[in-house]
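User: Hello! I am new to this structure and would like a close look at its aromatic pairs and what surrounds them. Could you walk me through that part?

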Amino acid sequence: MEIHYTGVIIAVCTFLIIGMFHPLVIKVEYKWGTRFWWVFLLLGLCSICGAFFVADVFTSAVIGVLGASFLWSIGELFSQKKRVEKGWFPMNPKRKDEYQPIDKNEALCPVHHGRSKYAVDD
């Protein structure tokens, strides 16, 4: 019986790519906000299109996963902005005016006793 590793290696690569995108989205939102979402779109579409032209199944699969991760990260970038507004992640003080104020009575995070640390008092 012959053992095939390709599926497991693709799974590990997928896990690593997804793991790489979590801090990437956090850092991009912190430094530049959501204004570069189109870069994720362009890189995602290029990666997926490129995967069609690669004959090697392993490489094509990894490039396709990379493209899908870029596209998924567009939504995560906007979700990260909301998480920052809720006080779950640090806000970039240089871009403070780009965030919407949050109602002080809105229960958001149990760590901050039901209030965002960025809640605005009226």
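Analyst: Happy to. Two rings of Phe, Tyr or Trp, with Trp represented by its six-membered ring, form a pair if their centres lie within 6.5 Å; planes over 60 degrees apart count as edge-to-face. With that in hand, the structure holds four aromatic pairs. In one of them, the ring centres of Phe21 and Phe70 are 4.9 Å apart and the planes stand at 90°, so this pair is edge-to-face. Phe21 belongs to helix 1 (residues 6–32) and Phe70 to helix 3 (residues 57–85), so the two partners, 49 residues apart, link distant parts of the chain. Please keep in mind that this is a predicted model.

Phe21 has 4% relative accessibility, so Phe21 is buried. Phe70, at 13%, counts as buried too. Ring pairs also bring in Phe40, linking Phe21, Phe40 and Phe70 into a cluster.

The protein chain has three helices and zero strands, and reading along the sequence gives the pattern α-α-α. Of its 122 residues, 27% count as buried.

Trp32, Phe36, Trp37, Trp38, Leu42 and Phe78 make a nonpolar surface patch of about 600 Å². Helix 2 (residues 37–52) gives the most to this patch, with three residues. Trp37 lies in helix 2 and is partly exposed, with a relative accessible area of 35%.

The side chain of Ser47 reaches the backbone oxygen of Leu43 at 2.8 Å.

Finally, charged side chains make links of their own. The structure holds five salt bridges. One of them joins Glu98 to Arg35, with the closest N and O atoms 2.9 Å apart. Glu98 is in the segment after helix 3, while Arg35 is in the loop between helix 1 and helix 2, so this pair ties together parts that are 63 residues apart in sequence. Both partners are partly exposed: Glu98 has a relative accessible area of 29%, and Arg35 has 43%. These two residues also take part in a network of salt bridges that links Glu29, Arg35, Arg95 and Glu98.

Two further salt bridges complete the tour. Glu76 pairs with Arg83, their closest N and O atoms being 3.1 Å apart; Glu76 is partly exposed at 24%, and Arg83 is partly exposed at 21%. Glu85 forms a salt bridge with Lys82, where the closest N and O atoms are 3.4 Å apart. Glu85 and Lys82 both lie in helix 3, three residues apart, about one turn of the helix. Glu85 is buried, with a relative accessible area of 5%, whereas Lys82 counts as partly exposed at 47%.

Methods
Residues numbered from 1 in each chain as written. Predicted model: local features only at pLDDT ≥ 70, side-chain atom pairs only at ≥ 80, totals over all residues. Heavy atoms only, no water. Phe/Tyr/Trp six-rings, centres within 6.5 Å; stacked < 30°, edge-to-face > 60°. Helix = DSSP H or I, 4+ residues; strand = E, 2+ residues; numbered from the N terminus. Buried < 20%, exposed > 50% of the residue type's maximum accessible area, 1.4 Å probe, protein only. Patch = residues over 30% accessible without salt bridge, like charges linked within 9 Å, V, L, I, M, F, W, Y side chains within 5 Å. Areas by Shrake-Rupley, 256 points an atom, 1.4 Å probe, with all protein chains shown as cover. Salt bridge = Lys/Arg side-chain N within 4 Å of Asp/Glu carboxyl O. Polar contact = N/O pair within 3.5 Å; in protein donor to acceptor, adjacent residues only side chain to side chain.
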